[in-house]
Amino acid sequence: MSKALNDTLGVKRAIKHFDFSEPYWEGTKQKKLVIQYCKATGKYQHFPRPVSIFTGRRRDIEWREVSGKGVVFSYTVAQRGTPAFRGLEPYAVVSVTLDVGVNFIANIVNCTAAELKVGMKVKPYWHPLDDGTHLLMFQPDNGPA
Amino acid sequence: MQRKSYEGAVACLPVTIPYRRYSTNSAQWWLGRALHELIKRAGLRLKDIDGFAVSSFTVGPDTAVGLTQHFGLSPRWLDHIPFGGASGIVALRRAARAVQAGDADIVACVAGDTNHVDSFRKTLSTFSRFAQDAVYPYGSGGANASFALITKHYMNSYGAKREDFAKICIAQRDNAMSIPHAMMKKKLTLDEYMSARPIADPIHLFDCVMPCAGAEAFLVCREDVAKSLNLPSIRILSTIERHNAFPNDPMQIRGGWELDIGELWSMAALTPKDVDFVQTYDDYPVISMMQFEDLGFCAKGAGPDFVRSHTLTNDGTFPHNTSGGQLSVGQAGAAGGFLGLVEAMRQLTSQPLGSQVPNANACLVSGFGMINYDRGLSSCAAVLARAA
């Protein structure tokens, strides 16, 4: 099972942005992970929503930069990808629990199938996109904390 | 406040338009055929249908209103229920209330989808606004990847093994052997299940439904109306419905049923031991296992043991998905949310398409739908019984 995983970096991605997720994409231009934080309850939420899912109010939302470090919560190795990803299988999709406590689904790069485990530490890998934004992926975090 | 019973409202006339793997016909064509079949078999005229509830993913840009014009209906009660796997029970409970209140006399509940060569992909990409932003860029837009993450998490948490999921799939295949329109009617062995090609580990080929084209339908009306039409009917003892339950669970490991299960059984005045068969929503076997837990048949986390200690075929100790479920019959889009309900109506009126569950007097049917990110958002269930 030490099979290589493909990195999916070559996939042409046309990502539709919604009004309430624009600050997220703006942050990625500087390789910053900013996610929504509810001031009223002190909780983070991902993915971007139009309102705080804890209070239902828009004004409780602020965007906070977070480290992007975390641990793998669950993962899968896709052997039959969605259409744009055909031919790149196998590639991994991971759900990572960020150090602020919310889960983020993304791809993982620089990682073999044998290394990939629930509980493994990961850090961000920023993949540049044509429009100047970056797509957050993860990579193993073997460095000092 | 005590919920009002469904006394007086019944469901009758289960209709299935036999599935096809692919179809060049439109969803409107499939839905229209189902509606026509209802009218023909009930001996009704079109104008007798004064209520209409429709569920479909591929009928757009039409809504229920547009469909009334397509079909020549002039209903005074109309509902569009695009809730995927929750559509059937939601249609049933809404229609039953409309009939009880006198807002409609005869409601046709219809679900169907077509399956062009590329329509499954189109459906996926329009499931949710968020999906495009948050998951699609990672090649994870489909239900397979979401359910792979959920399945792995469930296996890690509760010790389920692939062999346990195999048992669910194999029993359903046995149940499907006598269903004429089942997409998959070849007996499934444990070896075949275990050695099937991986789709998104730990999901393998036989954990996945086969998308296809088809339609399912039934009528809801007053008991006296069903009698006057000579239609065997079933009683609705209780229902529940819930959306976006447990938003703070880090990943789905339970469905909304858990919130409402006490009410479901108390309203029905039955316990899980009292039902003779169970139809769960089975887009993947892990979600059926979760339903065994969340609907009260075993404790949370005991799903794997429950499966190991029961036989799940129609002649077994726990008859489950008695027509083979979506895993064997196929998933005709939103009709998948009707499949278990329509089959339950056949069992409870002793008109099975396949094999009859012995002494089928009461059952539980559950629905589940709308996978987004790392969870399915909609859950519902109904306890049903043979007419007195």
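Tutor: Start with the chains: 33 residues of chain A are in contact with 29 residues of chain B. Two residues are in contact if their C-beta atoms, placed from the backbone, lie within 7 Å. This is a predicted model, in which local features need pLDDT of at least 70 and side-chain atom pairs count only at pLDDT 80 or more, while totals for chains, interfaces and linings use all residues. Residues are numbered from 1 along each chain as its sequence is written, and chains are lettered from A and ligands numbered from 1 in the order in which they are written.

Student: Which element gives the most to the side of chain A that touches chain B?

Tutor: Helices (H or I, at least four residues) and strands (E, at least two) are DSSP runs, numbered from the N terminus. Here β4(A) gives the most, with six residues. β4 (70-78), β5 (91-98) and β6 (103-107) of chain A each supply at least two.

Student: How is β4(A) joined to strand β5 of chain B?

Tutor: Strands pair if DSSP finds at least two bridges between them. Two bridges join β4(A) to β5 (residues 198-201) of chain B, and the strands run antiparallel. A:V77 has B:D201 in β5(B) as its bridge partner.

Student: What does the domain assignment of chain B give?

Tutor: Domain bounds come from an automatic or database domain assignment. For chain B it gives domain 1 (9-118 + 213-233) and domain 2 (125-208 + 234-386). Their contact takes 33 residues from domain 1 of chain B and 36 residues from domain 2 of chain B. The centres of these two domains, taken over C-alpha atoms, are separated by 23 Å.
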